[in-house]
Amino acid sequence: MQKTVFQILWLLTLLSSCASNSKSTNASEKPGLSFKEALNGAQYLNNSGALDSALSLAELALAQDSLNYAAQLLRADVLFAMGNYKDAMGAYTLCLEQEPKNPTLWARLGKIYLDQGDLESALKYFTQAIN
């Protein structure tokens with residue numbers, strides 16, 4: 001119960017921040033969350049299990065900085081947690097382009113293949129993770 005109340009209060013704070021950002025003098029500027037607010041909000045919501053909202057905020061952050069590794073990884077992790085393996089694979093592959101020697105990324109891809117029953121591919125990715 002306390003966690004739910006805290007989540008609601010946090011979201012209200014986030015929305016009020018969004019409203020204060022909307023007071024723009026330039027009509028062409030889009031009101032909304034900053035990159036940092038979107039990323040932090042996505043991380044919080046992911047940790048809280050609000051995966052749909054976390055994905056929306058991660059994608060908002062990526063719309064502002066499409067090459068940001070932390071936002072890409074968070075999006076991949078949320079997609080994986082949602083069971084959306086196809087999109088998670090693509091997102092983890094994008095992360096590998098920035099960090100090709102990151103064993104965690106290789107292991108996460110191996111886990112996706114393992115969960116899908118593709119043992120041969122899973123072994124390939126797990127082996128890459130430990131090399």
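## Helix H2 against helix H4

A crossing of two helices is called left-handed if the near helix is turned anticlockwise from the far one by less than a right angle, and right-handed if it is turned clockwise. In this predicted model, H2 passes H4 in a crossing of the left-handed kind. The residues that make the contact are Phe-35, Leu-39, Ala-42, Gln-43 and Asn-46 on the H2 side, and Ala-70, Ala-71, Leu-74 and Val-78 on the H4 side. Sorted by class, the contact of H2 with H4 comprises seven nonpolar and two polar residues, with no charged residues.

The axes of H2 and H4 come within 11 Å and cross at roughly 30 degrees. Because angles under 35 degrees count as roughly parallel, H2 and H4 are therefore described as roughly parallel to each other.

## Helix H3 against helix H4

H3 also packs with H4, at an angle of about 155 degrees and with the two axes 9 Å apart. Since angles over 145 degrees count as roughly antiparallel, this angle makes H3 roughly antiparallel to H4. The crossing of H3 and H4 is left-handed.

From H3, the contact draws on Leu-51, Ala-54, Leu-55, Ala-58, Glu-59, Ala-61 and Leu-62, while H4 supplies Ala-71, Gln-72, Arg-75, Val-78, Leu-79 and Ala-81. By class, the contact of H3 with H4 has ten nonpolar residues, one polar residue and two charged residues.

## Gln-72 within H4

Gln-72 is found in helix H4, which covers residues 69-81. The relative accessibility of Gln-72 is 9%, and because buried means under 20%, Gln-72 counts as buried. When its neighbours within four places in sequence are left aside, Gln-72 is in contact with Leu-62, Ser-66, Leu-67, Leu-94, Cys-95 and Gln-98.

## The largest nonpolar core

The largest nonpolar core has 33 residues, and those with the most contacts inside it are Leu-73, Tyr-92, Leu-105, Leu-109 and Ile-112. Two or more residues of this core come from each of helix H2 (35-48), helix H3 (51-64), H4, helix H5 (85-98), helix H6 (103-115) and helix H7 (119-130). Of these elements, H4 gives the most to the core, with seven residues.

Leu-109, one of the residues with the most contacts inside the core, is in contact with Met-89, Tyr-92, Thr-93, Leu-96 and Tyr-125 once its neighbours within four places in sequence are left aside.

How values were computed. Residues are numbered from 1 along each chain as its sequence is written. This is a predicted model: local features need pLDDT of at least 70, side-chain atom pairs count only at pLDDT 80 or more; totals for chains, interfaces and linings use all residues. Side-chain values use heavy atoms; hydrogens and water are left out. Helices (H or I, at least four residues) and strands (E, at least two) are DSSP runs, numbered from the N terminus. Buried means under 20% relative accessible area, exposed over 50%, partly exposed in between (1.4 Å probe, protein chains only). Contact means heavy atoms within 4.5 Å. A nonpolar core is a set of buried Ala, Val, Leu, Ile, Met, Phe, Trp, Tyr and Cys residues joined through side-chain atoms within 4.5 Å. Axes are lines fitted to C-alpha atoms, for helices over the stretch in contact, and angles run from 0 to 180 degrees between N-to-C directions. Angles under 35 degrees count as roughly parallel, over 145 as roughly antiparallel, 65 to 115 as roughly perpendicular and the rest as oblique. Ala, Val, Leu, Ile, Met, Phe, Trp, Tyr, Cys and Pro count as nonpolar, Asp, Glu, Lys and Arg as charged, and the others, Gly among them, as polar.
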